[in-house]
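Hi there,

Here is the structure I promised to pass on to you. Have a look at it first, and then read on for what turned up.

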Amino acid sequence: MAVTPPEAWMARALELARRGLYTTDPNPRVGCVLVKGERLVGEGFHARAGEPHAEVHALRQAGAAARGATAYVTLEPCSHQGRTGPCAVALVEAGVARVVVAMADPNPAVAGRGIARLREAGIEVEVGVLEEQARALNPGFIMRMDHGRPFVRLKMATSLDGRTAMRSGESQWITGPQARREVQRLRARSSAVLTGVESVIFDNSRLTVRPEQAELDGVELIAGRQPLRVVVDSRLRLPEAAACLTEPGRTLVATVEGHEPERRERLEAAGAEVVALPADAAGRVDLHALLRYLADVEQANEVLLETGATLAGAMLDAGLVDEMQLFVAPTLLGGEARPLFQLAGIETMAQQRGLEILDIRAVGRDWRITARPERRTKAEK
């Protein structure tokens, strides 16, 4: 009888983990399968924070068949007591003989302790099977644990000549309905949607997930869950009648100290949560401080940046964009229309900003380009 390779079982565990793509926040997406001989005896995935982890679901399904089985887990089993019990202990008590882990947990509360607990109990542990795919499933959780900030994904819709709106600010709609569905999916997987106050003033965007538009192919959304809406507003210019203040969920306005108390009170009365953060050298919200706040206080893993040229350029200049999702429409808006980015200090070809293209594919009549900025050395800046 042919032996199924470990990669095939781990691929199934990763498939299960993806079912939590829109629901596990702020926890990572994790899947687990239990195999005895060549037979799958249990499987599960983590669905929501506070609910059982993937290993527990798989062990419950397997029952007594878990004894002597091999567990394939996409992330190192936890070893600490949180809102749920430690999964490493559950695997030991169930009598599992072997555990195959895709990647070690970057969370300092785990960080190798789960693997050590399993080995201390005499369980064979293998680490690194399909690690790259496992890491790609949780970029935000890894970024927050390793660097203390969320993973930032910049989404922009542009014409073929690199324009995002007319000079008046009119921008609906550059791209077609299929591209807009993809944007709904990006919002749904994000902890927060980040924008600048100028974008809100011109577009009056709701910045919400609309499940009826997302068409998530049967993958579950938490009923009523909306990502945190974050508006960067250094001078507190957000209109009190802004649509984002009346939508379900929370709207956080990030500003700097020193405003008239009445302006803050009016926004808070309209439904905003206002937080004052350190200012940068230009007196605007320090973007590094903002991302640290979102990671530390809001436990944000993935942030979707949906904004105009000024904030998008500032985030790029600060080295805070990790991935770009550019939806390019087969249309021209002309030289008077608004550009994609306002980038400082580019005057020669030697100063151009390089991108690494990861993927290009058709989305309806538009094109979706996935890219990431090339990191510049200090000598190049």
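**The open sheet**

Strands β1 and β3 run antiparallel and are joined by four bridges. Within that pairing, L34 sits opposite A71 of β3. Before going further, please keep in mind that this is a predicted model. The chain has an average pLDDT of 89, and 92% of the residues score at least 70. One stretch to treat with care is residues 377-381, where pLDDT stays under 50 and the model has two contacts beyond four places in sequence.

Back to the sheet: β3 (residues 70-73) also pairs with β4 (residues 98-101), here in the parallel sense, again through four bridges. A71 has V99 as its bridge partner in β4, and V73 is opposite V101 of that strand. In general, strands of a sheet pair through backbone hydrogen bonds, in either a parallel or an antiparallel manner.

The side chains of β3 are worth a look on your screen. T70 and Y72 point one way, A71 and V73 point the other way, and all of them are buried.

If you zoom out, the whole sheet is open and has five strands, in the order β2-β1-β3-β4-β5, with mixed pairing. β2 (39-45) and β5 (124-127) are at the edges; each has a single partner strand, so one side of each has no neighbour in the sheet. From one strand to the next, the twist averages 15°.

Two helices go with this sheet. Helix α1 (residues 6-17) packs on the sheet and touches β1 (31-36), β2, β3 and β4, with its direction at about 145° to that of β1. Helix α2 (residues 54-62) lies across β1, β2 and β3 and runs at about 140° to β2.

**Salt bridges**

How many salt bridges does the model have? The count comes to 24, and here are some of them.

D322 and R149 form one, with their closest N and O atoms 2.9 Å apart. This pair links distant parts of the chain, 173 residues apart: D322 is in the loop between α12 (309-317) and β13 (323-329), and R149 is in the loop between α6 (139-147) and β6 (151-159). D322 and R149 are both buried.

Another is formed by R189 and E302, where the closest N and O atoms are also 2.9 Å apart.

E273 is in strand β11 (residues 272-277) and R250 is in the loop between β9 (228-232) and β10 (251-256), 23 residues apart. Are these two buried or partly exposed? E273 has a relative accessible area of 31%, so it counts as partly exposed. R250 is partly exposed too, because its relative accessible area is 34%.

R187 is in helix α7 (residues 177-189). It counts as buried because its relative accessible area is 6%. What does its side chain reach? A polar atom of the R187 side chain lies 2.8 Å from the backbone oxygen of T208. Beyond its neighbours within four places in sequence, R187 has contacts that include S205, L207, V209, P227, L304 and E306.

D233 is found in the loop between β9 and β10. With a relative accessibility of 1%, D233 is buried. Its side chain comes within reach of the backbone nitrogen of L238, at 2.8 Å. L238 is also among the residues that D233 contacts beyond four places in sequence, together with V197, V253, A254 and T255. The C-alpha atoms of D233 and G196 are 6.5 Å apart, although 37 residues separate the two along the chain.

Enjoy exploring it, and do write back with any questions.

Best wishes

Definitions and conventions
Residues numbered from 1 in each chain as written. Predicted model: local features only at pLDDT ≥ 70, side-chain atom pairs only at ≥ 80, totals over all residues. Heavy atoms only, no water. Buried < 20%, exposed > 50% of the residue type's maximum accessible area, 1.4 Å probe, protein only. Polar contact = N/O pair within 3.5 Å; in protein donor to acceptor, adjacent residues only side chain to side chain. Contact = heavy atoms within 4.5 Å. Pairing = 2+ DSSP bridges. Axes fitted to C-alpha atoms, helices over the stretch in contact; angles between N-to-C directions. pLDDT = per-residue confidence, 0-100. Salt bridge = Lys/Arg side-chain N within 4 Å of Asp/Glu carboxyl O.
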